[in-house]
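Reader: I am new to this structure and would like to learn how to read its features one at a time. Could you take me through it slowly, giving the general idea before each case?

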Amino acid sequence: MPRQDLVLIHPDRNRRPLNTRRYLAPRRVTRHYHLAHNSEADFDRLARFLTGQALGLVFSGGFFRGFAHGGVIRALEELDIRADFVGGTSVGAAIGGLYAQEWSFQQMLERGREVIARVRSYIDFTLPIVSIISSRKLNKLTQELYGETQIEDLWTNYFCVSSNLTRAQMMIHQQGLLWRYVRASYSLPTLLPPVPDQGDILVDGALFNNLPADTMRDMCEGGPVIAVNVSPRKETLKQYNFDENISAQQLLWSRLNPFAEELKAPSLFTTIRRAMNLGREETWPQAARDIDLYIEPPILQYEFGDPQALDKMIEASYQAALGKIEAWQRKLKEAVHY
């Protein structure tokens, strides 16, 4: 059967698209596009897709370090570069969802500061039967950010990934309620409850693919891919001095007792996060072939809980991204002229 693409043309951009699903349901569509009749940029974007030049932008997972993605978005804005397709995993899915809703860097920065200032109010510990943290408050925050927007109704094409525990496979979400699939994509196992979805159980996409550049390569069908990784491929953990009998009581007592040496051990979150990263170095050569511009911001030194870390991470990411993107642009222009 020949490929079918669907182009939906709207009068203007005063209202976001709605009910796209009713146009997709009766058709076997490979991809759909939303265009505003009076937007030259939208028609340019369609032309790039049709000629294999669409720009893909993919964001990695990385928990708190995910805010550093904002620095790359700032650099892209300043250089007047707008991605045609955006995707991500975990916190990268969350940032990508805002980008696909066409939030500006400034909007993201202001909201990010609000979230950091109130972060403790979103952490609601519960009996550790399903998870350590209840998702009720985080669900509410996620719904506030994305509303009732459906992925297929976004002006900018978007996908996020989750891990399907039921089927033991990666899921690529391009339709459905945006906030639910963003929530599934960042559902770190044991810390947050999984998300039920049509009989399946979904958790953090990083279990299968923390930087889905290969997926983006397929989506862009030959166009360039920019990948932003805020989970370093290699990370040296801090020096610890605990033994195999370590317990929470021992850690607490060492901190309270002024005469005892303070014990240092990785937190539960650190152990889970690093365990999810294991094995990625082995698959890196293959993943790198799907990336035209790779950006790994220098943000290892910034820790969760540092009130100034947000601005520091974004600035470091911006400085690193700006030079790389400018050099990449020059290289592309030289290739064209050659």
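Predicted model: local features only at pLDDT ≥ 70, side-chain atom pairs only at ≥ 80, totals over all residues.

Reader: Is leucine 191 buried or exposed?

Author: Residues are numbered from 1 along each chain as its sequence is written, and side-chain values use heavy atoms, with hydrogens and water left out. Buried means under 20% relative accessible area, exposed over 50%, and partly exposed in between, with a 1.4 Å probe and protein chains only. Leucine 191 has a relative accessible area of 13% and is therefore buried. Leucine 191 lies in the loop between α8 and β9 (195–197), where helices (H or I, at least four residues) and strands (E, at least two) are DSSP runs numbered from the N terminus.

Author: The chain has 13 helices and 12 strands, and buried residues make up 49% of its 338 residues.

Reader: How many residues of helix α4 are buried?

Author: In helix α4 (residues 91–100), 10 of the 10 residues are buried, so α4 is largely enclosed by the rest of the structure. Among them are Val91, Ile95, Leu98 and Tyr99. Helix α3 (residues 69–78) has 7 of its 10 residues buried, so it too is largely enclosed, and the buried ones include His69, Val72, Ile73 and Leu76.

Reader: What is the phi of serine 90, and where does serine 90 lie?

Author: Serine 90 has a phi near 55°, which is a positive value in a residue other than glycine. Serine 90 sits in the loop between β4 and α4 and is buried, with a relative accessible area of 8%. Glutamate 102 belongs to the loop between α4 and α5 (105–117), and with a relative accessible area of 33% it is partly exposed.

Reader: At what angle do helix α7 and helix α8 pack?

Author: Two packed helices are described by the angle between their axes and the distance between the axes. Axes are lines fitted to C-alpha atoms, for helices over the stretch in contact, and angles run from 0 to 180 degrees between N-to-C directions. Helix α7 (residues 136–146) and helix α8 (residues 178–185) pack at about 135°, with their axes 9 Å apart. They are therefore oblique to each other, given that angles under 35 degrees count as roughly parallel, over 145 as roughly antiparallel, 65 to 115 as roughly perpendicular and the rest as oblique. The contact (heavy atoms within 4.5 Å) is made by Asn139, Thr142, Gln143 and Tyr146 of α7 and by Leu178, Trp179, Val182 and Arg183 of α8.

Reader: How many aromatic pairs does the structure hold?

Author: A pair of aromatic rings is described by the distance of the centres and the angle of the planes. Rings of Phe, Tyr and Trp (its six-membered ring) pair if their centres lie within 6.5 Å, and planes under 30 degrees apart count as stacked, over 60 as edge-to-face and the rest as tilted. The structure holds 5 such pairs. The rings of phenylalanine 49 and phenylalanine 85 have centres 6.2 Å apart and planes at 65°, so this pair is edge-to-face.
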